[in-house]
Amino acid sequence: MSHQEHPQDSPYDVVIVGAGAAGLSAAVMLGRSKRRVLVVSLRNRRNSPADRVNNVPFAHGTPPAEVYAKMESDADSYGVEFIWDTVLTAQATDEGVTVGTRESGTFLGERLLLATGPLDRLPAWIPQGEWGRTVFDCPYCHTREHDGAAFVAVGAGEETLQHALLCRQYANSLTAVVTDPDSAHSDLAARLVKVGAQVLVDTVLSATTRDEGGVLLVTEAGRELPAGAVVLDTAIQEPNQLLPSALGLDLNAHGFPRTTLSGRTSHPRVYNTGKSNPSSPYFAWTGAASSGLNAARAICEDIAFG
Ligand SMILES: Cc1cc2nc3c(=O)[nH]c(=O)nc-3n(C[C@H](O)[C@H](O)[C@H](O)COP(=O)(O)OP(=O)(O)OC[C@H]3O[C@@H](n4cnc5c(N)ncnc54)[C@H](O)[C@@H]3O)c2cc1C
């Protein structure tokens with residue numbers, strides 16, 4: 001299919017901010033629906049530091065950059081346009097939406113789809129290059145690749161203990177380091193101890209990469225914990241509030257835009273998709289992609305039905 005040429009000052013049907021799982025899935029569907037779509041994004045997706053994508057049908061084991069390149073190429077083949085830049089501002093009125101970038105100017109749309117993902121607020125102690133390789137916040141995506149390693153779960157309390165239990169089958173030794181003393185006396189902690197794990201009330205202060213692989217964690221109490229895999233809490237994921245705040249969207253209790261399952265926000269021209277809150281039913285990469293499709297469908301129906 002050939003690309004359609006659009007004058008720069010003509011509004012796009014949809015401007016999508018964010019070219020990750022959610023934004024690119026939406027872009028392909030909207031492009032195939034013959035909607036005029038602009039995607040504005042940077043290329044650092046959440047899973048970009050990882051070597052491979054896991055648990056994603058047909059892409060399992062593929063490097064993330066390859067997956068995104070294929071999705072970009074699919075979208076491009078349906079006439080979706082791309083601008084690789086930071087979006088700094090967004091406005092929505094009854095007439096339309098405006099998105100302002102750092103270097104590429106301002107773009108107008110009939111509708112705006114935010115697909116910017118959460119922000120990962122990583123502990124300062126993670127050594128360079130270990131996030132996404134040795135250190136993760138998900139007990140499902142990359143733990144299997146560390147089968148037989150020493151596992152350490154690090155975080156506040158309950159979720160840390162849950163993550164430790166979910167990694168038990170891979171771990172040749174298992175430690176949970178929690179900052180909340182009460183959680184060390186919980187049923188989850190007892191369950192961990194019963195399966196041979198240790199539960200420590202302590203705080204990780206620093207870490208170094210080991211020559212033999214993995215990291216060495218050093219705690220406030222002076223403990224040294226070698227780890228082949230470290231699993232953090234999902235609390236490191238924070239809402240990406242820049243654009244929702246600029247747009248004045250209603251937020252949920254976690255600070256993410258309040259949406260329907262189809263991504264409709266409190267502004268009728270603005271949709272939000274991807275990881276929209278910690279209890280979102282859209283889990284992991286395929287969930288984010290699925291939420292992008294749902295938002296694209298809602299936008300198509302809005303355009304068609306008025
Ligand atoms: C290290 C790691 C490994 C993972 N591995 C897996 C895995 O193997 N399998 C799995 O199922 N899940 C995995 N995940 C989870 C998965 O990556 C996420 O669920 C998924 O990427 C979320 O998709 P998204 O589209 O919501 O956000 P993202 O993929 O993060 O995409 C958001 C996009 O928006 C852009 N953006 C944000 N703000 C702006 C702005 N202001 N201007 C311009 N662009 C902006 C970002 O640069 C990015 O391109 C992993 C997560 C991490 C952290």
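This report describes the fold, the ligand shell, selected helices and several individual residues of a predicted protein model.

Residues are numbered from 1 along each chain as its sequence is written. Because the model is predicted, local features require pLDDT of at least 70 and side-chain atom pairs count only at pLDDT 80 or more, while totals for chains, interfaces and linings use all residues.

## Overall architecture

The protein chain contains six helices and 17 strands; helices (H or I, at least four residues) and strands (E, at least two) are DSSP runs numbered from the N terminus. Its C-alpha trace extends over about 65 × 35 × 30 Å along the principal axes.

Of the 306 residues in the protein chain, 42% are buried. A residue is buried if 20 or more other C-beta atoms lie within 10 Å of its own, exposed if 12 or fewer, and partly exposed in between, with C-beta atoms placed from the backbone. Two residues are in contact if their C-beta atoms, placed from the backbone, lie within 7 Å. Among contacts between residues at least 6 apart in sequence, 58% join residues at least 24 apart.

## The ligand shell

There are 37 residues around the ligand, and those that come nearest are Gly18, Gly20, Gly117, Gly274 and Trp285. A residue is near a molecule if its C-beta atom, placed from the backbone, lies within 6 Å of it. Helix H1 (21–32), strand S2 (37–41) and helix H6 (284–305) each contribute at least two residues to this shell, and H6 provides the largest share, with four residues.

Helix H1 is mostly covered, since eleven of its twelve residues are buried. The buried residues run from Ala21, Ala22, Gly23, Leu24, Ser25 and Ala26 to Ala27, Val28, Met29, Leu30 and Gly31. Their cover includes strand S1 (12–17), S2, H2, strand S6 (106–114) and H6. The end C-alpha atoms of H1 are 17 Å apart, which agrees with the 16 Å that its twelve residues should span at 1.5 Å a residue; the expected span is 1.5 Å times one less than the number of residues.

Helix H2 (residues 64–77) has 14 residues and reaches 20 Å from its first C-alpha to its last, close to the expected 20 Å. Its buried residues are Pro64, Val67, Tyr68, Met71 and Ala75. These cover an arc of only 90° around the axis and therefore lie on the same side of H2; the arc is that of the directions from the helix axis to the C-beta atoms. An α-helix has 3.6 residues a turn, so residues three or four places apart point the same way. The buried residues of H2 pack against H1 and S2, whereas the face turned away from the buried side carries the exposed residues Ala65, Glu66, Ala69 and Ser73.

In helix H3 (residues 158–167), the residues Glu159, Thr160, Leu161, His163, Ala164 and Cys167 are buried. They pack against strand S9 (150–155), strand S10 (173–178), helix H4 (187–194) and strand S15 (229–232).

## Residues with positive phi

| Residue | Phi | Location |
|---|---|---|
| Lysine 34 | about 60° | just after H1 |
| Phenylalanine 58 | about 70° | loop between S2 and H2 |
| Glycine 79 | near 85° | following H2 |
| Alanine 284 | about 60° | helix H6 |

Phenylalanine 58 is exposed, with 6 other C-beta atoms within 10 Å. Alanine 284 is partly exposed, with 18 other C-beta atoms within 10 Å.

## Tyrosine 271

Tyrosine 271 lies in strand S17 (residues 270–272) and counts as buried, with 29 C-beta neighbours inside 10 Å. Leaving aside residues up to four places away in sequence, tyrosine 271 touches Arg111, Leu113, Leu114, Gly263, Arg264, Thr265, Ala295, Ala298 and Ile299. Its C-alpha atom is separated by 7.7 Å from that of threonine 259, twelve residues apart along the chain.
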